[in-house]
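Let's read this structure together, one feature at a time. Take a look at it before we start.

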Amino acid sequence: MSDGARITKLDTAPDLAALRELIRKNGALLRDDPELLADLGLRLDAANLVDFGPAALARVEATAKRESKARRMLEATARANFSAQAQTHAAVIDLLEARNHADLARRVDEVATLRFGLAGAAVALEGPERVPAGWYALVEGQVDLILGPRKLAKMGFHAPAAPLFGDKADQVKSMAMVRMAIWEPARQGVLAFGSPDPNGFTKDMGHELVAFLARVFERTAERWPVL
């Protein structure tokens with residue numbers, strides 16, 4: 001049987017072993033066929049040895065690019081997380097220094113705009129009693145209408161909540177809203193942050209940061225009774 005006939009019948013694992021042995025014994029068949037070498041991504045170096053240069057270098061370069069991109073993404077994420085944590089710590093200090101309910105509402109709005117680059121923040125509280133100055137009044141049950149029954153938070157744009165932002169409502173394109181419960185017996189409320197970016201807050205985002213700020217707001221607000 002000729003070598004050509006043997007090669008055409010190689011379709012099993014033992015045949016592959018035979019093919020390797022055939023190439024070892026007849027290396028000139030591969031070296032003397034430039035078109036085949038090019039199809040395989042190989043080339044001959046000056047010492048007449050098969051060099052995997054083009055194919056290998058291409059793979060190495062592609063791997064390096066992927067690793068570099070992944071490293072840049074990790075570094076950018078780390079910087080963003082560090083910045084967010086630093087701003088959050090500063091925001092907590094700002095809220096804890098509030099002197100009364102009105103000052104607390106003002107400070108949370110400043111935290112939103114100055115520290116996080118948002119359109120603003122709003123605080124709303126259900127009745128039936130009066131609400132502190134600078135807070136928006138809601139009817140009983142309205143928190144459930146805004147967030148959904150028993151839901152802790154809502155992310156994304158929600159048109160019924162836009163009036164909470166007052167004269168900034170037109171600037172708000174997405175929202176992060178968290179349920180609050182203040183005083184005893186508890187009165188239901190909402191802490192809402194508004195972004196001018198439609199993708200600033202999306203439904204698939206986590207709400208841990210805004211929920212944390214809401215808990216700080218609750219504890220700070222409980223320092224004073226509603227007069």
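Q: In what sense do strands β5 and β6 pair, and over how many bridges?
A: Two strands pair if DSSP finds at least two bridges between them. Here β5 (residues 153-156) and β6 pair in the antiparallel sense over four bridges. In that pairing, K154 is opposite M177 of β6. As for the labels, strands (E, at least two residues) and helices (H or I, at least four) are DSSP runs numbered from the N terminus.

Q: Before we go on, what kind of model is this?
A: This is a predicted model, where local features need pLDDT of at least 70, side-chain atom pairs count only at pLDDT 80 or more, and totals for chains, interfaces and linings use all residues. Residues are numbered from 1 along each chain as its sequence is written, and side-chain values use heavy atoms, with hydrogens and water left out.

Q: Which strand does β6 join through nine bridges?
A: That's β7 (residues 187-195), and the two run antiparallel. M175 sits opposite G194 in β7. β6 and β7 make a hairpin with four residues between them, and W183 in the turn has a positive phi of about 70°.

Q: How many residues of β6 are buried?
A: Buried means under 20% relative accessible area, exposed over 50%, and partly exposed in between (1.4 Å probe, protein chains only). Strand β6 (residues 174-182) is mostly covered, with eight of its nine residues buried.

Q: What span should helix α8 have?
A: The expected span is 1.5 Å times one less than the number of residues. For the 14 residues of α8 (residues 208-221) that gives 20 Å, and the end C-alpha atoms are 20 Å apart, so the two agree. Buried residues in α8 include V210, L213 and F217.

Q: How many salt bridges does a search of the whole structure find?
A: A salt bridge is a side-chain nitrogen of Lys or Arg within 4 Å of a carboxyl oxygen of Asp or Glu. The search finds 10. One of them links R215 and E218 at 3.0 Å, N to O. These residues are three apart in α8, so about one helical turn separates them. R215 is partly exposed at 27% relative accessibility, while E218 is buried at 5%. Elsewhere, salt bridges that share partners join E97, R99, D103, R106, R107 and E110 into one network.
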